[in-house]
Every structure is written in C-alpha cells, then in structure tokens.
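Biologist: Please take a close look at one part of this structure, the packing of its helices. Which elements meet, and how are they set against each other?

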Amino acid sequence: MAQEIENDTVDRRALDHEPYAIAAGLFVLCGLMLAFPWLSGRVTIPWDSKAHFLPQFAFLAHALHSGQSPFWTPNVFAGMPQIADPQSLIFSPFFLVAAALVPEPSFVLEDAIVFGMLGMGGLALMAYFRDRGWSAAGALLAALVFAFGGSAAWRIQHTGQVMSLSWFPVTLWLLARALDRRSAGYGAAAGAVAAFLVLGRDQVAYLSVLLLAAYALYRVATDEEPILTALAPLLAGAAVGSAIIAAPLAFTLELAANSNRPEIDLEGAHKGSLPPGSFLTLISANIFGTNGPLKDFWGPPAAVFGTTDIFLARNMTDIYAGELTLAAIIAALGGRFFADREARFFSGAAIFFALYALGRFTPAFQLFYHIPGVDLWRRPADATFPFGVTLAILAGYGFSLIERGEVKPRALRLMGGMLALFAFAAAVAIAKDHLAQAIEPLAISALFALLAIMLVLATAAGKLRGGALLGVVAALMTVDLAVGNGPNESTALPPAQFDVLRADSKDPVMAFLREKLKENAAPDRRDRIELAAIDFHWPNATLVHGLDHDLGYNPIRLKILEDATGAGDHLALPEQREFSKLYPAYRSPMSDMLGLRFIATGAPVEQIDEHYKPGDLVELTQIGKVHIYENKTALPRAQVATCAMHVDFRQMLESGEWPEADYRETVLLEEPPLCHSRKDMSPDAARARIVSYGNTDVTIETHAPPGGGWLVLNDVWHPWWFATLDGEEAPILRANVMFRAVAIPEGQHEVRFAFQPIRGLLREIAGN
C-alpha cells in the first residue's frame with residue numbers, strides 16, 4: 001500500500017500537534033494587513049494592471065452583461081481575437097466569475113482578486129508543508145514569502161504572471177498528494193488546476209510547468225513505490241488537464257503563428273536578462289532606491305552597472321523576500337538540510353531559475369534556449385517568479401528544521417554570514433559611489449536582519465514554541481515586508497490617476513470624443529479614434545468605453561495589422577507611435593480606410609508624425625496637454641465598391657505604394673479586376689447600412705447597382721470570421737491589404753459577418 005506521507009519527512013506525532021489552523025489564520029490576517037492599502041482603495045495596482053488588464057476585465061464584464069460574446073473585440077487594433085489572447089481573462093476563473101457577477105468592475109475588485117489569488121497560493125503552500133510533515137511556523141514563513149515577497153510583490157502589476165504564479169502551489173500540493181497516495185483522484189484534481197496554470201499562457205506558467213514536470217519525474221524516480229503505481233495519478237492528471245486546455249491552447253498557438261512575435265530570437269531574449277547586481281536586493285529591498293523617484297534609482301539596469309541595453313523596468317530587478325528568509329536558509333544549510341529529497345530538488349530548481357533569470361550573463365541560458373518553448377518568451381528575468389517560490393519553500397523548510405532541533409545553527413556562522421552579505425552590499429555601493437544613498441536602506445534592513453537572527457537563535461534554543469512562535473514570525477515578516485516591499489511608485493498609485501479607465505469617467509478628453517462621435521454618426525459609419533502619447537494607461541481605455549481604437553496596448557498583435565500599419569505594442573510616448581511604409585503618416589489612404597476620424601495626442605501631432613504637413617488634419621481643440629484632431633476624409637466602416645482592382649498585397653507592403661484610385665468606389669483585391677462605372681448613377685445607388693454591430697456579429701444591409709459590387713467592411717481581416725449573403729454562405733475576401741470584402745449582386749441584400757473561432761481553427765488545421 002502506498003505510503004500516505006513519506007517516512008523520511010514525517011513525524012506523525014509532531015504533525016498532529018502542529019498549530020496549522022492558527023498559522024493559516026495568521027497568514028490570512030497578515031495578508032489582509034499587507035494588502036490593506038490597496039483593498040481600502042487608498043492606492044491601486046498601477047501600470048499593466050490598469051493599463052492592460054483592467055480594460056480587459058471591463059470588456060469581459062460588459063460583453064457578458066450585454067448578452068454578447070467576449071471572443072472578439074472591435075475596440076483595439078481594428079479588431080482582436082480575444083479568445084486566443086492569453087491576457088483577455090476569458091479563461092481566468094476568478095476574473096470570469098467576477099465579470100459575470102459585476103457589470104462594472106472596480107479598481108478595488110481587480111486588486112482584491114489578485115491578492116486573493118496570492119492568498120490562495122500561500123494557503124496551498126502551507127497545505128503542502130503540512131503533508132510533508134514540516135512545521136507550521138515554517139509553513140507560515142514560506143506562505144508570506146511566496147505571497148508578499150520577491151516578484152510577487154514587486155511585479156504585482158503583471159496580473160497574468162501573478163495569476164500563473166498563484167496556481168503553482170495549488171498544483172504542487174495536489175500533485176504531491178497524488179504521488180504520496182498514488183491517487184488518481186488527486187491526480188485528476190492536479191491536472192485540472194494545472195490546466196488553469198497553463199491557460200495563463202505566459203512565461204511564468206511555462207516555467208512552472210517545467211518545474212512541475214521535473215518534480216513528477218523526480219518523485220517517480222526516487223519514490224520507494226513501484227514506478228507503475230504512479231501511472232494512474234499521472235495519467236489521470238494528464239487526461240483531465242489536456243481536455244481543459246486543448247481548445248484555448250490551440251487558439252493561442254494559432255494566434256502566435258499569425259502574430260507579430262511567433263518566436264523570440266536569442267538576442268531579443270538576452271535584452272530581458274536579470275543583471276547579477278539585482279541579487280543584492282535579496283539583502284536590502286531598496287538598496288538601489290527602487291521605491292523612490294525614478295531619477296534617484298541607481299541599480300541595474302542603470303548605466304552605473306554598464307547594462308544600458310537591458311530592457312527591464314526597475315521593479316523587475318527587485319526580489320526582496322525578507323531577512324528571516326536569508327537567516328533561515330543560512331542557519332539551516334548543511335548536511336541535514338540536503339538529506340531531504342524535496343529540499344534537494346528545490347535547491348536545484350532555485351539554482352536553475354537563478355541561472356535562467358541571469359540570461360546572457362552566464363553561458364547557461366544559451367543551453368536553456370534550446371529547451372522546446374523557451375524561444376516563445378522575451379524576458380529570462382521572468383524566472384524570478386518561480387525562483388521566489390523555491391526560495392520560499394527552502395526558507396520555510398530550513399526554519400522547520402531549526403524549530404524541530406534537527407539542525408543546530410551556530411550563532412557565529414549565522415551572524416558572520418549575514419554580516420558578510422551586508423558588507424558585500426555596502427562595498428558595491430562604495431564602488432559605485434552611491435553609499436550615501438544606500439546607507440539608510442541598508443541600515444533598516446540590518447535592523448530586520450538582527451531581529452531575524454535573534455528569532456532564529458531563540459527558536460533553536462527552544463525559547464519560542466507553538467502560538468508564540470507563530471505570532472513572532474508573523475509580526476516580524478509582516479513589518480519587514482511592509483517596510484521593504486510596501487506600496488511604492490511601481491506597485492501602488494492613487495486611483496484618481498486612472499480615472500479615464502472608469503466606465504463613468506468624467507474625463508474631458510473622453511467626453512469630447514464621445515460627443516464628436518455622436519455628432520458624426522451615420523448609418524454606414526462607426527468611426528475609430530486614436531489615443532497617442534497621452535499617458536501609459538490610455539491606449540486600452542476604449543475597451544472600457546466601448547469605442548474603437550485603431551491601435552492599443554498589447555505585446556501581441558495580428559501580424560497582418562502590424563505589417564500594414566506599423567502598429568507597436570504601446571502608445572504612451574510620441575516615439576512609440578510607429579508608422580509603416582504603407583502607412584507613413586496620418587495623411588494616408590490607410591488612415592482613411594481605418595475610418596480614423598479623431599486623433600487625440602499628448603503632444604502636437606508634428607512631434608509624432610514627422611511627415612505631417614499643415615492641413616493634413618484639422619485641430620479641433622486642446623484640453624490640457626491633449627490636442628484633438630479630425631481626419632475629415634475618414635471613410636465609413638461599411639461601403640459598397642463597384643470597382644475591384646487587382647494588386648499584390650505583399651508587393652504593396654514592401655514598396656509602400658498605393659494604386660491611384662478613388663477608394664470610395666474602388667476596392668483592392670488579389671483577384672482579377674472588374675469595374676462597373678458609377679457614371680450617371682444616383683449617389684445612393686451603391687450604399688451600405690449597418691443594421692447591427694456586435695463584438696462577434698455584424699449585420700449590414702447593402703444595395704448594389706447593376707453589375708453588382710463588393711461590400712467592404714473596414715475591420716481587420718481574420719480567418720475565423722465567416723459571412724453569409726441573404727442567409728447563404730459567402731466567402732470573405734481580403735481587401736485593401738488588411739480589411740474584409742464580400743461580393744454582392746445587384747439589388748438589396750443582407751450580409752452577416754460572424755466570428756466562429758472553433759470553425760475557423762478547424763478549417764486552418766485542415767488547411768482549407
């Protein structure tokens with residue numbers, strides 16, 4: 001019979017008396033205290049959390065509560081397949097349920113879900129500790145380090161990665177139980193949770209899956225039970241997990257293949273490497289001034305460290321996890337520490353993730369780059385997330401050994417080790433001529449280090465036990481992490497700063513644009529706007545307000561759009577507004593076809609468009625720093641063309657040349673030319689009227705003159721869209737390089753466009 005818990009890690013009598021319920025309660029209490037600045041609404045998680053994920057959350061909620069599908073959005077990048085976007089939150093259970101329940105998600109709700117998921121991960125890690133027979137105090141330490149230390153704290157604005165991180169301990173706990181008990185039921189549960197982890201579809205999820213796979217293989221190889229007994233739980237997990245992820249993962253892989261970034265080359269990945277000096281933040285969170293004004297930050301990748309070609313924000317390089325974490329590991333390291341096979345495994349994993357994160361700074365990443373899937377991700381530094389998990393486990397395990405008396409820490413070695421770390425950090429600050437700036441954070445960290453040393457030695461001497469020990473661990477870690485990893489410019493900003501992202505926002509720029517769009521409404525029009533160089537959180541605001549943006553904010557974009565327009569992943573600064581050969585300036589056939597009617601810029605347009613000439617656009621007004629322009633030649637969203645001109649789209653993209661044509665009546669197709677003159681026809685002989693326009697369903701009433709024509713819908717072409725003409729299947733032609741067209745006969749007809757991702761995916765797989 002399989003052992004329920006391994007003999008080499010469990011003391012059943014000790015386990016029965018461990019105050020795990022108290023530890024879990026203290027973890028929740030400490031978590032609420034650490035998260036309170038955000039949960040109270042005083043601050044909110046900024047940057048990507050608000051600029052990218054809050055708009056996605058709002059779009060999802062609005063779609064569900066309006067009875068629409070959230071699988072496609074017309075609100076950014078001239079249309080995006082949300083069902084395939086890893087960051088759309090459609091396959092994130094907590095956000096999906098919240099979106100279904102709350103019509104207008106608030107900032108606090110979004111932040112609460114993120115902290116709630118970290119709390120879930122922390123509690124699961126405590127359950128894993130309990131199953132291993134380790135102490136409740138060690139479990140409490142590990143949970144606090146996991147949820148509020150390292151990248152979980154400093155990169156909390158990366159909502160998708162934090163969600164992936166949060167699923168990992170739950171999967172680990174269930175997987176370990178499945179293997180401990182050789183249980184197919186727990187294996188199936190582990191597979192289901194692992195599926196939610198995989199559906200994060202980011203590098204943290206990828207690295208976590210590698211870690212879990214390695215753990216499963218390691219356990220099978222080292223368990224005393226016959227290898228065949230592990231097949232049932234592992235196969236059950238694989239079957240359940242595969243069933244859940246099959247369709248979403250297929251959608252994402254297809255999007256990746258047709259996106260701007262199907263893979264990242266080694267040179268591109270190297271630019272996201274973690275500079276070695278960043279590991280000094282394990283000693284003192286703010287040694288480099290990470291929590292202060294950006295102008296005062298001096299740590300890597302700043303120029304003083306000679307790493308100016310590393311593209312990481314300053315918070316991405318901070319991995320502080322508390323002084324007790326370092327003290328527990330230093331005090332416990334030794335033969336007994338590595339006698340436990342789980343400790344050996346996670347020690348190896350910590351080394352792997354540290355080397356992975358360092359990227360180009362060691363030869364190791366060049367080898368790791370050949371692991372299948374590594375070339376899909378652009379930042380080796382993302383490995384700091386799973387590195388933090390391994391650190392949490394090792395610290396908690398080490399503290400457990402100390403508490404149980406299984407290791408006897410030597411006071412001189414512990415104090416000497418901690419002192420050496422601080423001396424080295426101070427030496428670096430002196431060498432870089434920044435000791436004056438580093439001395440205060442180092443002194444604060446040294447105080448917590450002294451308290452941590454005292455706690456470790458008191459625990460080893462048996463002076464603290466049970467609830468008292470839990471209380472001291474909770475208090476020290478909470479204060480330490482609140483001071484070191486508390487709210488700062490990278491993780492917490494005033495909610496008022498993001499007012500434009502509220503559905504009921506009174507922002508004057510958004511109000512003006514809404515009014516102008518209403519004034520210019522017409523049966524064939526659904527004009528687009530552009531929000532350029534206003535602020536970091538503006539590009540995706542149209543997802544909240546239901547307006548259509550020609551661009552947006554997303555590292556993943558359809559390749560057809562990027563090739564045609566030069567669309568970059570962001571529009572926060574003037575230099576981030578990228579153009580293409582085919583779309584070299586705002587005055588272009590492409591801007592007209594996009595129906596780009598109003599352009600709001602945080603700087604005069606000539607600072608953004610180097611080819612701008614006076615009169616290209618009409619400046620309507622200036623509101624604060626924002627200039628608002630009108631492109632009066634913007635074409636309707638739907639129109640009927642009576643002339644088709646044969647062109648080679650690839651050649652057009654390469655040359656940037658548009659054929660001479662009147663695009664109000666001519667459509668470019670990769671088919672033989674055909675023209676029906678509009679001479680002597682009434683102005684409304686060829687017309688289109690938008691009957692309904694939803695996220696995934698568009699119905700247009702058309703009228704074509706004798707000879708017929710083509711309905712042109714100026715939405716981005718995508719193979720998962722299908723059309724019917726008067727109820728009969730009709731092919732969608734790629735038109736005008738990146739838009740859609742349907743051939744229509746003479747007379748009045750109804751054309752319906754429907755987004756059908758499953759059908760489209762199957763068609764692509766079949767090669768039709």
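Modeller: Two directions count as roughly parallel at angles under 35 degrees, roughly antiparallel over 145, roughly perpendicular from 65 to 115, and oblique for the rest. The model is predicted, with local features needing pLDDT of at least 70 and side-chain atom pairs pLDDT 80 or more, while totals for chains, interfaces and linings use all residues. Residues are numbered from 1 along each chain as its sequence is written, and side-chain values use heavy atoms, without hydrogens and water.

The protein chain holds 26 helices and 16 strands (DSSP runs numbered from the N terminus: H or I of at least four residues, E of at least two). Its C-alpha trace spans about 100 × 60 × 45 Å along the principal axes.

Helix H8 (residues 159-181) packs against helix H9 (residues 184-198) at about 165 degrees, and their axes lie 8 Å apart (axes are lines fitted to C-alpha atoms, for helices over the stretch in contact; angles run from 0 to 180 degrees between N-to-C directions). H8 and H9 are therefore roughly antiparallel. Their crossing is left-handed (the near helix is turned anticlockwise from the far one by less than a right angle; clockwise is right-handed). On the H8 side, the residues in contact (heavy atoms within 4.5 Å) include Trp167, Leu174 and Arg181, and among those they meet in H9 are Tyr186, Val193 and Phe196. By class, this contact has 12 nonpolar, three polar and two charged residues (nonpolar: Ala, Val, Leu, Ile, Met, Phe, Trp, Tyr, Cys and Pro; charged: Asp, Glu, Lys and Arg; polar: the others, Gly among them).

Another pair is helix H10 (residues 203-222) with helix H15 (residues 341-358), which pack at about 150 degrees with axes 11 Å apart. H10 is thus roughly antiparallel to H15. H10 passes H15 in a right-handed crossing. H10 contributes residues including Leu207, Leu211 and Tyr218, and H15 contributes, among them, Arg341, Phe345 and Phe353. The contact of H10 with H15 divides into 10 nonpolar, two polar and four charged residues.
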